[in-house]
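Hi everyone, thanks for having me. Today I'd like to walk you through one protein model, a piece at a time.

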Amino acid sequence: MNDDLLRELSVVRQQIDTLDGQLLELLNQRARYAQQVGEIKARHGEAGFIYRPEREAQVLQRIQGSNRGPLSNESVTWFFREVMSACLSLEQPLGIAFLGPLGTFSEGAATKHFGHAARLMPQISIDDVFREVEACHADYAVVPIENSTEGAIGRTLDLLLTTPLKICGEVLLRIHQHLLSNELALGAVKKVYSHAQSLAQCHEWLNRSLPLAQRIPVGSNAQAAQLAAAEAGAAAIAGQAAAERYHLPELASNIEDEPNNTTRFVVLGRHDAGPSGRDKTSLVMSAHNQTGALGKLLAPLSDAGVSMTRLESRPARHTLWEYVFFVDIDGHSDDAPVRTALVELARRAPYLKLLGSYPMAAY
């Protein structure tokens, strides 16, 4: 390098070093204020729940609205989530239950929402994820509820019918599927392990590229990676985290059939989330078994000017050929239009359960 270039770089690097020092001091100052919040709550007997989803959502909304670049909103959202995660951990690391083992997309969703300072608690089934929070062994649960290509996760919906837990957040996770194997060529792969949802998401790619390979559904993609790592002629469909954790090379990358494949996860806790200004409400209800009953049941939403963003039917399980309907609407249950609609829905529906009002996913 010539002298002029070195001098110019030195000036800029000194400025960066100065800013890094200022950032460090500001981060520690923010942490001290976060500690003060915890102390104030403790003095007033409000120390039960240190995590407030609506407060975090409001912070992220404000940051995104103030962001002038060049960093993207997605990047600054990630950074501030990690800052808030680290500050919360000074009071008490949050215990987060999710479908394990480590290396699943559920782990990725849990980390995306709660940051790397959270205490991750992988479970062997979605049922166990619910139970860990219901039994107060974990603070929150992160469970998949629907995929953009394969639809609803039935077991999650069934458990939401009976759990006392409330939905207090949501996470959207872009899903990239990879074929992981110790084999060096596709022709050597005789069986493919993966979760049933992932096998379905890569159905057409498998038909084209591995038409003769046996497809074996297992409990999770991380489990699939564990099995493939230990078996000759085997491969797993899983994400990047599983590839890194189980030291499996990517034999083929981004093999999902739909390029915008995304899974929506919900965060479950033992408390409600307050209004954040950009919220969603989820509920489940039944309708009378008669002509036009569902249309009449949903009319209070349109009458109150409330937008319905999702409607999913599910067998009621307790009665043959009876169904319940899972509904997502815009707004918080404390908002006047939503509150009005819910009062009328409760009057009309044979069964109505509010699953929770919570901030919409930031990114």
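Let's begin with a pair of helices: α5 passes α6 in a right-handed crossing. Please keep in mind throughout that this is a predicted model. Which residues make the contact between α5 and α6? On the α5 side they are I126, D127 and F130, and on the α6 side R155, T156, L159 and L160. To find the helices, look for residues 126–134 for α5 and residues 154–162 for α6. Their axes come within 10 Å and cross at roughly 35°.

Here is a general point for anyone new to this. Two packed helices are described by the angle between their axes and the distance between the axes.

Helix α1 covers residues 3–43 and helix α3 covers residues 73–91. They pack at an angle of about 50°, and their axes are 9 Å apart. From α1, the contact uses L27, R30, A31, A34, Q35 and G38. From α3, it uses F79, V83, M84, C87, L90 and E91.

Let's stay with F79 for a moment. The structure holds 4 aromatic pairs, and one of them is made by F79 and F80. Their rings sit edge-to-face, 5.4 Å centre to centre, with 85° between the planes. Are these two residues buried or partly exposed? F79 counts as partly exposed because its relative accessibility is 37%, and F80 is partly exposed too, with a relative accessible area of 24%. Elsewhere, Y51, F114 and Y140 form one aromatic cluster.

On to the strands. In general, strands of a sheet pair through backbone hydrogen bonds, either parallel or antiparallel.

How much of β3 is buried? The strand is mostly covered, with 7 of its 8 residues buried. Strand β1, residues 95–99, pairs with β3 in the parallel sense over 3 bridges, and F98 stands opposite V142 in β3. Strand β11, residues 262–269, runs antiparallel to β3 and is joined to it by 6 bridges. There, E146 stands opposite R264 in β11. Strand β4, residues 151–152, is also antiparallel to β3, with 2 bridges between them. N147 has G151 of β4 as its bridge partner, and a hairpin through 3 residues joins β3 to β4.

Finally, let's look at an open sheet. It has 5 strands in the order β8-β7-β9-β6-β10, and the pairing is mixed. Which strands stand at the edges? They are β8 (214–218) and β10 (250–252); each has a single partner strand, so one side of each is left without a neighbour in the sheet. Neighbouring strands here are turned by 35° against each other on average, direction ignored.

Inside that order, β7 (residues 191–195) and β9 (residues 234–238) run parallel and are joined by 3 bridges. Y193 stands opposite A236 in β9. Helix α9, residues 221–229, packs on the sheet and touches β6, β7, β8 and β9. The direction of α9 makes about 160° with that of β9.

Terms used
Residues numbered from 1 in each chain as written. Predicted model: local features only at pLDDT ≥ 70, side-chain atom pairs only at ≥ 80, totals over all residues. Heavy atoms only, no water. Phe/Tyr/Trp six-rings, centres within 6.5 Å; stacked < 30°, edge-to-face > 60°. Buried < 20%, exposed > 50% of the residue type's maximum accessible area, 1.4 Å probe, protein only. Pairing = 2+ DSSP bridges. Helix = DSSP H or I, 4+ residues; strand = E, 2+ residues; numbered from the N terminus. Axes fitted to C-alpha atoms, helices over the stretch in contact; angles between N-to-C directions. Contact = heavy atoms within 4.5 Å. Left-handed = near helix turned anticlockwise from the far one by under 90°.
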